[in-house]
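Hi,

Here is the structure I said I would pass on. Have a look at it first, and then read my notes below.

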Amino acid sequence: MKKITKEVKNDVLYIEAVSDIISSVHFKKMDKFIMHGTTTCLEHCIDVSYMTYKICRRYGLDYKSAARAALLHDFFLYDWHRHFEETGDRFHGFTHPRKAMENAVKYFKISKKEQNMILRHMWPLTIIPPRTIEGMVLLYADKVCTVKEASAGIRNRLSDKFNKLCRVLYVTEN
């Protein structure tokens, strides 16, 4: 598991809001699944949660509920890359919010507001948008983190190819 950053660890209000989730064995299972590039589902959820928390706190919104919902927004507990092969379900992008919400309700005490944020975080794929501004912040943070994680993987692959090309050119010149 990627270490929680010093900034996150030292943010007392954030840790108070999410400590029951972060310390849970059920939550830690997300570290087994890759989300985007080399980022695990657990790492992705922590990144999205902390970004959501910081934005909501800055603007005087319900940062506690936002942080909790964001931490659980992808709590579906399976490898989505293999989901179709294992279940025949081609629509992970549409269906995983409900599975994440069901798991969140099963393992944690979460509010109706938090349930809605989890259930609607994939809007516009989920036709109905989040009910709250905190839900929209979660949606935004999820997209920002996803692009950052996916582009890091692309950047790493391009860098590897460039380095191999440079080695080939160097060898042929010498």
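A residue counts as buried when its relative accessible area is under 20%. By that cut-off Cys-145 is buried, because its relative accessible area is 1%. Please keep in mind that this is a predicted model, so everything below is read off a prediction.

First, the overall layout. The protein chain has nine helices and two strands, and going along the sequence the order is α-α-α-β-β-α-α-α-α-α-α. There are 174 residues in the protein chain, and 43% of them count as buried. If you take the contacts with a separation of 6 or more, 62% come from residues 24 or more positions apart.

Back to the cysteines. How many disulfides are there? The count is zero. A disulfide would need two cysteine sulfur atoms within 2.5 Å, and for Cys-145 the nearest cysteine sulfur belongs to Cys-45, 9.8 Å away, so Cys-145 is in no disulfide. Cys-56 is another buried residue, since its relative accessibility is 0%.

Next, the aromatics. I get six aromatic pairs in total. One of them is Phe-75 with Tyr-107: the ring centres are 6.0 Å apart and the planes sit at 75°, which makes this pair edge-to-face. Phe-75 is in the loop between α5 and α6, Tyr-107 is in helix α7 (residues 92-107), and the two are 32 residues apart, so to speak a link between distant parts of the chain. Are these two residues buried or exposed? Phe-75 is buried, as its relative accessibility is 0%, while Tyr-107 comes out as partly exposed at 28%.

Phe-75 also pairs with Phe-108. Here the centres are 5.7 Å apart and the planes are at 50°, so this pair is tilted. Phe-108 lies in the loop between α7 and α8, so the pair ties together parts that are 33 residues apart in sequence. Both Phe-75 and Phe-108 are buried. Elsewhere in the list, ring pairs join Tyr-14, Tyr-50, Tyr-53 and Tyr-63 into a cluster.

Leaving aside residues up to four places away in sequence, Ala-67 touches Tyr-14, Val-18, Ser-49 and Tyr-53. Ala-67 is buried, because its relative accessibility is 0%.

Last, helix packing. Two packed helices are described by the angle between their axes and the distance between the axes. For α5 and α8 the angle is about 45° and the axes are 9 Å apart, and the two helices are therefore oblique to each other. The crossing of α5 past α8 is right-handed. On the α5 side the contact is made by Lys-64, Ser-65, Ala-66, Arg-68, Ala-69 and Leu-72, and on the α8 side by Lys-113, Glu-114, Met-117 and Ile-118.

Cheers

How values were computed. Residues numbered from 1 in each chain as written. Predicted model: local features only at pLDDT ≥ 70, side-chain atom pairs only at ≥ 80, totals over all residues. Heavy atoms only, no water. Buried < 20%, exposed > 50% of the residue type's maximum accessible area, 1.4 Å probe, protein only. Contact = heavy atoms within 4.5 Å. Phe/Tyr/Trp six-rings, centres within 6.5 Å; stacked < 30°, edge-to-face > 60°. Helix = DSSP H or I, 4+ residues; strand = E, 2+ residues; numbered from the N terminus. Axes fitted to C-alpha atoms, helices over the stretch in contact; angles between N-to-C directions. Parallel < 35°, antiparallel > 145°, perpendicular 65-115°, else oblique. Left-handed = near helix turned anticlockwise from the far one by under 90°.
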